[in-house]
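User: Can you walk me through this one? I have a few quick questions.

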Amino acid sequence: MSILDRIENLMETVIEGLFRKSNKGRLQPVEIGKRLIKTMESQKRVSVARTYVPNKYIIYLHPNQLVEFRALQSTFVKELKGVLHEKAEKEQLSFIGDLVIEFSEDPLISSGIVRIESEFLALNDVLTSESTDTSVDENSFNNGSSMTQKYLYCSKNSGEESILIYQGSDGEQIFRLTNKRYSIGRSFKCDIVIEDSKVSRIHAWLYKENHTWRLKDNDSTNGTFVNDEIVSDQALNIDDIIRLGTAILIYRENVP
C-alpha cells in the first residue's frame, strides 16, 4: 500500500470516528460492506494471467458493537460474501480459494470504527494434476507480501477415469477429469466454462478427496444442485445429474 493510500485510510478513520461521536448512531451494515470492498481492492495481486484478491477477511469491531451483530451474523456474512463475489465478477478479480469472512472483537478500537484484516488463504496445501504448472505461485505476484497458495503438481495413474458431460450451445462437450481441482462457471478463465447467464462467473469447484470427486458450491447466486437437491459440498456418484443455472451436466466414472 502506498503512502498516499495510508494517509487516505487514516483520514477516513478519523472522520468516521468523529462522525460516530457527533451523531451517536449505530454502525450500519452498509458501512462495513463499503470498507470490506475497499480492503479487497487495495490488496490486489497481479499474476501472469489473473488478478487475485484476498479470500479471508476478519472484521474487528468494538465488543459492544459486535454484540449488536451477533443475532444476524450468519445472514450478514452471507450477504457480505455476495457483495464481494459480485464486485469480483464485475472487476474480473479472482479468489484463490473459498471466501471466508469472520467477525472478531477488538476492545482497543473506538465504537463506530471498523478494522479489517485480509489474507490469501489456501483451501488445500497441495493439489495434484497431470498438467503443467499454470497455477498461483507467491513469486508470480507483483510486490505481494500476503500468504498465497503454491500448487504442486504430479502425475498419478489410477487406471480409472471420470468425466463430466455437458450439452452446450456448441454441442456435447466431454470433460475428462484428472487429479486436480477444477473451477466451473461462466467466466472464460474457468477450467470448465458453462455458457449460461444464470451461472455465476465462478459457480462451483470440482475436486478429488480420498479417491472421490466432490462438488462444492462457490456461494453462487442461483445455487448448485445434484439430482435436483441443492448442495454446498457433495460427493458425486455415477450418473449424478448436476444443475448449474439451467445447464445440466452428467457425472460418469470408470470411462475407458
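Predicted model: local features only at pLDDT ≥ 70, side-chain atom pairs only at ≥ 80, totals over all residues.

User: How many bridges join strand 11 to strand 12, and do they run parallel or antiparallel?

Analyst: Strand 11 (residues 204-209) and strand 12 (residues 212-217) run antiparallel and are joined by 6 bridges. Strands here are DSSP runs of E with at least two residues, helices are runs of H or I with at least four residues, and both are numbered from the N terminus. Two strands pair if DSSP finds at least two bridges between them.

User: What about the turn of that hairpin?

Analyst: The hairpin of strand 11 and strand 12 has 2 residues between the strands, and N210 takes a positive phi near 50° there.

User: Which residue in strand 15 is the bridge partner of R214?

Analyst: That is A235. Strand 12 and strand 15 run antiparallel, with 3 bridges joining them.

User: Is D228 buried or exposed?

Analyst: D228 is exposed, with a relative accessible area of 64%. N227 counts as partly exposed because its relative accessibility is 41%. The cut-offs are under 20% relative accessible area for buried and over 50% for exposed, with partly exposed in between (1.4 Å probe, protein chains only).

User: What is D239 in contact with, sequence neighbours aside?

Analyst: Leaving aside neighbours within four places in sequence, D239 is in contact with N227, I250, Y251 and R252. Contact means heavy atoms within 4.5 Å. D239 and I250 are 11 residues apart in sequence, and their C-alpha atoms are 5.9 Å apart in space.

User: And where is D239?

Analyst: D239 is in the loop between strand 15 (233-235) and strand 16 (241-244). D239 counts as partly exposed, at 42% relative accessibility.

User: Switching to cavities. How many are there of 30 Å³ or more?

Analyst: There are 2 cavities of 30 Å³ or more. On a 1 Å grid over the protein atoms alone, a cavity is a set of points where a 1.4 Å probe fits but cannot get out, and lining residues have an atom within 4 Å of a point. Grid points are joined across faces, edges and corners, and a volume is the space filled by probe spheres set on the points.

User: What lines the largest?

Analyst: The largest cavity has a volume of about 170 Å³. Its lining has 15 residues, of which A88, L93, S94, R201 and I202 lie nearest the centre. Helix 4 (73-91) and strand 4 (94-95) are the elements that give two or more residues to that lining. Helix 4 gives the most, with 3 residues. By class, the lining of the largest cavity has 5 nonpolar, 6 polar and 4 charged residues. Ala, Val, Leu, Ile, Met, Phe, Trp, Tyr, Cys and Pro count as nonpolar, Asp, Glu, Lys and Arg as charged, and the others, Gly among them, as polar.

User: Which residue stands opposite F95?

Analyst: V53 stands opposite F95 in strand 4. Strand 2 (residues 51-53) and strand 4 run parallel, joined by 2 bridges. An open sheet of 3 strands has the order 1-2-4, with mixed pairing. Strand 1 (45-46) and strand 4 are the edge strands, each pairing on one side only.

User: Last one: which residues of helix 3 are buried?

Analyst: In helix 3 (residues 63-70), P63, Q65, L66 and F69 are buried. Seen down the helix axis, the buried residues of helix 3 fall within an arc of 155°, so they line one face; the arc is that of the directions from the helix axis to the C-beta atoms. N64 and V67 are exposed on the other side of helix 3. The cover over the buried residues of helix 3 includes helix 2 (29-42), strand 3 (56-61), helix 4 and strand 5 (100-105).

Technical notes. Residues numbered from 1 in each chain as written. Heavy atoms only, no water. 1 Å grid on protein atoms, 1.4 Å probe; cavity = no way out; pocket = protein on both sides within 12 Å on 5 of 7 lines; lining within 4 Å.
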